[in-house]
Amino acid sequence: MNKKSALLLYISLACGILFILLGIVLLLLSNAKSSDIQIPLLTFLLLTTGAVSLFFSIAITQRAFFLYLGLNMCFFGLLSLSLAFNVFDLTFYKIWPLGMIFGGVSLVPSGYFRYRKMHTAYIFPSVVLILLGLLFCLFSFDILKVSFSRFVACWWPAALIILGTVLVAVFIIQKKNQTSFPYIREDELDEYDGAGEEL
């Protein structure tokens, strides 16, 4: 590929990221309930750093870490913007678990970006973050009327039951297949191939 076409592709990627973010920002602005339309500095920094991180991860470094970082910075920048413009009539205290959910969801494309397939090193923490975020949403959005501390005091043994069930299921699957647990052998091989790589 010659330099001119490579440059055009880089410009195309940069414009694509910019247009996506700009479109979301304009959608939030059109639904703003606040008459004071002023973008906070923190929001601007989060969106700019997130967009640059996305560009570098896709175009230059090919690192999943920068993709994950860029996705999350853009998300928190847009979340900050929606709070500043009072788009959803919610406070940060109410919606902070959405950050955990998005953090879990963004691990999936980051893992796929690195390995070109679904990988347990990304799927397991992704599922844990999403489930924790959903659990905290039940309390922050007042779906469950009991306090979180009261809930934990009453239901903490359920965590032991879930953990025990997972361990028994792993044993049964392991025994039935008489081979390495699915993906573990692949994970071990990838560790040697990608030694020194981040995320």
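Phe102 has a relative accessible area of 23% and is therefore partly exposed (buried means under 20%, exposed over 50%, partly exposed in between; 1.4 Å probe, protein chains only). The model is predicted: local features need pLDDT of at least 70, side-chain atom pairs count only at pLDDT 80 or more, and totals for chains, interfaces and linings use all residues. Residues are numbered from 1 along each chain as its sequence is written, and side-chain values use heavy atoms, with hydrogens and water left out.

A pair of aromatic rings is described by the distance of the centres and the angle of the planes. The structure holds 7 aromatic pairs (rings of Phe, Tyr and Trp, the last by its six-membered ring, with centres within 6.5 Å; planes under 30 degrees apart are stacked, over 60 edge-to-face, the rest tilted). Phe75 and Phe76 form an edge-to-face pair, because their planes stand at 80° with the centres 5.5 Å apart. Phe76 is partly exposed, at 32% relative accessibility. Phe75 and Phe102 are stacked, because their planes lie at 5° with the centres 4.3 Å apart. This pair links distant parts of the chain: Phe75 belongs to helix H3 (residues 64-84) and Phe102 to helix H4 (residues 92-115), 27 residues apart. Helices are DSSP runs (H or I, at least four residues), numbered from the N terminus.

Ring pairs also join Tyr10, Phe55 and Phe56 into a cluster. Tyr10 lies in helix H1 (residues 3-30). Its relative accessibility is 38%, so Tyr10 counts as partly exposed. Together with Val52, Phe56 and Ile60, Tyr10 forms a nonpolar surface patch of about 360 Å² accessible area (Shrake-Rupley method, 1.4 Å probe; for residues, only the protein chains shown count as cover). Patch residues have over 30% relative accessible area and no salt bridge; nonpolar side chains (Val, Leu, Ile, Met, Phe, Trp, Tyr) are joined within 5 Å, like charges within 9 Å. Helix H2 (residues 41-61) gives the most to this patch, with 3 residues.

The structure holds 1 salt bridge (a side-chain nitrogen of Lys or Arg within 4 Å of a carboxyl oxygen of Asp or Glu). Lys94 and Asp142 form it, at 3.0 Å from N to O. Lys94 lies in helix H4 and Asp142 in the loop between helix H5 (120-140) and helix H6 (148-155), so the bridge ties together parts 48 residues apart in sequence. Lys94 is partly exposed, with a relative accessible area of 23%. Asp142 is also partly exposed, at 40%.

There are 0 disulfides (pairs of cysteine sulfur atoms within 2.5 Å). Cys74 is buried, with a relative accessible area of 6%. Cys137 is buried, at 9%.

Conventions:
Helices (H or I, at least four residues) and strands (E, at least two) are DSSP runs, numbered from the N terminus.
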